[in-house]
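Colleague: Could you take me through this model step by step? I shall ask about one topic at a time.

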Amino acid sequence: MRKKENANFIVPLFAVFAAVMFIMAFISLRYSVIIFLGELLLALAATVVVVMSIVNLKRYIAAVLTSSIRQMFKEEARNIDDIRMPAVILGPNDEIIAANHLFKEMVCRKEEPLGDNIKKYLPDDNADAIFDKNGVDTNYSDHWYIAFGVRHEYGATVYFIDDDTYKTNSDEYVASRPVVCIVAFDNKDELERETDNSEAIQVTVAVEQAIVKWVSATKGFYKKMSGGRYVVVMEERDIKRFFEEKFRILDDIRAIRIHDRMNATVSLGIGHGGSSFKENEQWARQALDMALGRGGDQAAVKKGDSYQFFGGVSKGIEKRDKVRTRVIANTLTNHINNSSNVIVMGHRFSDLDSVGSCIGMWSAVVKGLHKNAYILINRQQTLARSLVSSFEKAGFESIFKSEDEALDLLDDHSLLIIVDTHSPNFLESKTIYERCSRVVVIDHHRMMVNHIDKALVFYHEPTASSASEMTAELVQYLGHGSLSRLESEALLSGIMLDTKNFVLRTGVRTFEAAAYLRSNGADTVEVKRLFSNSIDTYKVKYKLVSEAEIFNSCAIAVADEDIPDIRIASAQAADELLGIENVKASFVLYKTGKTVNISARSLGDLNVQIIMEQLGGGGHQTMAACQLENTSMAEAREQLVSIISELDVSKEDPNH
């Protein structure tokens with residue numbers, strides 16, 4: 001004890017001595033380098049003595065404290081070896097003051113633990129959880145334990161329960177759970193039509209070899225089915241690896257080309273996390289339907305009610321045929337004939353495609369099937385005022401109904417036809433949808449997770465250019481009526497809007513529909529007038545374009561608040577921004593009330609649907625949108641920029 005008291009006296013003296021020597025050394029530097037070095041060495045030696053003395057003093061204090069606590073827990077320390085599991089007693093600073101032989105042998109591997117802080121044997125981020133009722137899982141020396149702690153007046157006692165075997169078996173059980181994957185060769189029929197028999201066989205073999213190579217890297221197997229489909233069964237450990245590599249199999253198969261103009265593509269529907277093989281298989285089928293409904297060339301993974309999507313780069317392959325359209329028309333005819341009346345509606349803030357397809361369906365029901373039909377529309381929020389006005393001037397103002405008027409028309413036998421959307425969140429009137437038990441959906445947008453699932457007829461064609469194109473085909477099989485000039489122009493305006501005047505997403509069927517409408521008297525000059533803007537809207541559009549910023553090959557424009565007709569101007573500005581060199585996608589942000597709206601466009605190089613889905617919206621590969629509730633413009637722009645910054649535009653794939 002006397003030595004420690006002497007240390008307490010000597011330490012301050014050496015500290016003062018070291019400080020004085022440092023000062024004298026720097027003063028001597030002006031006169032003699034030798035004296036400076038000598039004094040500096042003395043100062044450093046004194047500093048070392050001070051540091052070592054302080055360390056020894058701390059050790060002495062800790063030893064005295066530990067000895068005192070051991071005396072206090074002498075009985076507990078003596079009995080700790082009687083505990084039939086690893087256990088330690090902690091001091092007031094969570095240091096180990098006693099440990100039984102099981103802790104030393106099993107946890108410490110015969111190393112001396114006394115004096116160690118208990119956190120050494122616990123996870124860094126959750127050490128205090130040992131005092132919760134469930135304890136904490138900890139892994140030390142590659143061995144799993146559950147650590148439980150009980151605090152008392154002077155410290156705590158911690159018990160370690162060996163559950164390594166359970167943890168190892170549990171992890172293996174989870175990792176080996178079955179996963180069912182259904183692979184669909186998307187464009188097998190199209191490739192066979194475009195090539196001769198030998199080339200088609202080569203492509204099919206190349207695709208199958210890519211699938212075999214993909215499956216061979218797992219512990220699973222695959223089975224070929226008919227119709228270009230394959231069933232793959234693998235384990236949960238494999239699906240985690242595919243998540244990390246973002247399903248590179250999609251890229252491998254897309255690299256298979258014919259004549260440098262056509263790529264092979266596949267879609268994957270994957271079900272995992274279910275209670276049985278059967279449930280995973282059902283989820284895999286639902287996931288594949290979702291992947292195909294979104295245009296194919298992607299993987300859809302379903303676990304419970306949630307989906308994850310990977311890929312979706314290629315433009316959809318047009319696979320529709322008129323046989324299916326005729327079958328849908330026949331089914332729809334039966335439902336209309338069994339209805340008391342028909343209500344037709346589109347999405348909120350209806351545009352020319354939404355209103356045009358509504359008018360086309362109204363005409364088919366009234367003229368072709370001689371049933372009462374009405375169009376539900378919000379006149380204050382529609383973006384197709386010019387089209388609505390032209391019909392009202394022609395004497396058809398009674399066909400347009402408000403929500404309250406439509407509610408009065410509903411009964412148990414009413415039929416609701418929804419066009420240009422399949423999401424209950426985007427409907428013109430959610431109330432009408434919820435009140436009507438008989439629903440038909442006609443839409444071309446890529447499938448969303450939250451879609452209408454109670455429809456009598458769900459006519460969904462993601463490869464169609466517009467809902468107006470689908471309607472123009474349907475009306476030819478509904479009854480024996482014919483479209484008037486005004487009705488044909490309404491449908492043609494919808495097609496021209498969504499195709500950007502026949503530039504985007506046009507297929508053979510698009511021009512066939514346009515030719516049919518033209519044969520019914522549609523005047524392209526009159527249709528062009530439906531797109532006319534006021535001078536104020538025109539100025540707003542070009543103000544947005546002139547103030548846009550380019551970021552990672554994406555043009556972003558932010559509109560001022562309280563601008564009239566901002567929805568029309570923003571959509572047109574987004575289209576206009578695509579004409580700028582090296583711009584692959586455009587985004588226009590504008591605010592309505594407390595909601596920030598984003599209008600997104602692309603020419604197909606980037607899938608703006610996937611970008612908007614990350615913000616809670618949706619749409620098409622080349623045209624999408626979203627609404628952010630209770631968000632400032634700055635916050636919305638920051639979220640959008642954050643997503644865009646992660647895009648690798650060189651690969652033209654927003655998922656990589």
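Colleague: Is R485 buried, partly exposed or exposed, and why?

Modeller: R485 counts as partly exposed because its relative accessibility is 42%. Buried means under 20% relative accessible area, exposed means over 50%, and partly exposed lies in between, with a 1.4 Å probe and protein chains only. This is a predicted model: local features need pLDDT of at least 70, side-chain atom pairs count only at pLDDT 80 or more, and totals for chains, interfaces and linings use all residues. Residues are numbered from 1 along each chain as its sequence is written, and side-chain values use heavy atoms, with hydrogens and water left out.

Colleague: Which side chain does R485 meet in a salt bridge?

Modeller: R485 meets E489, at 2.8 Å from N to O. A salt bridge is a side-chain nitrogen of Lys or Arg within 4 Å of a carboxyl oxygen of Asp or Glu. Both residues lie in helix α17, 4 residues apart, about one turn of the helix. Helices (H or I, at least four residues) and strands (E, at least two) are DSSP runs, numbered from the N terminus. E489 is buried, with a relative accessible area of 5%.

Colleague: How many salt bridges are there by this rule?

Modeller: The count comes to 21 salt bridges. Among the residues involved, E172, E235 and R237 are linked in a network.

Colleague: What does E461 pair with?

Modeller: E461 forms a salt bridge with R324, and the closest N and O atoms are 2.2 Å apart. E461 lies in the loop between β19 and α16 (467-474), while R324 is in helix α11 (residues 322-337), so the pair ties together parts that are 137 residues apart in sequence. E461 is buried at 9% relative accessible area, whereas R324 is partly exposed at 33%.

Colleague: You mentioned β19. Where does V457 sit?

Modeller: V457 is in strand β19, which covers residues 457-460. V457 is buried, with a relative accessible area of 6%.

Colleague: Which residues is V457 in contact with, leaving aside its neighbours within four places in sequence?

Modeller: V457 is in contact (heavy atoms within 4.5 Å) with I328, T331, H335, V439, V440 and V441. The C-alpha atoms of V457 and A329 are separated by 9.9 Å, and these two residues are 128 apart along the chain.

Colleague: Now a change of topic: which residues of α13 are buried?

Modeller: They are L387, V388 and F391. These residues cover an arc of only 95° around the axis, which puts them on the same side of α13. The arc is that of the directions from the helix axis to the C-beta atoms. The buried residues of α13 pack against α12 (352-368), β16 (400-401) and α17 (485-499).

Colleague: And what is the salt-bridge partner of E392?

Modeller: The partner is R379, with the closest N and O atoms 3.0 Å apart. R379 is in the loop between β15 (373-376) and α13, and E392 is in helix α13, 13 residues apart. R379 counts as partly exposed at 31% relative accessibility, and E392 likewise counts as partly exposed at 26%.

Colleague: Finally, how many disulfides does a search of the whole structure find?

Modeller: The search finds 0 disulfides, a disulfide being a pair of cysteine sulfur atoms within 2.5 Å. As for cysteines, C108 counts as buried at 4% relative accessibility, and C626 counts as buried at 0%.
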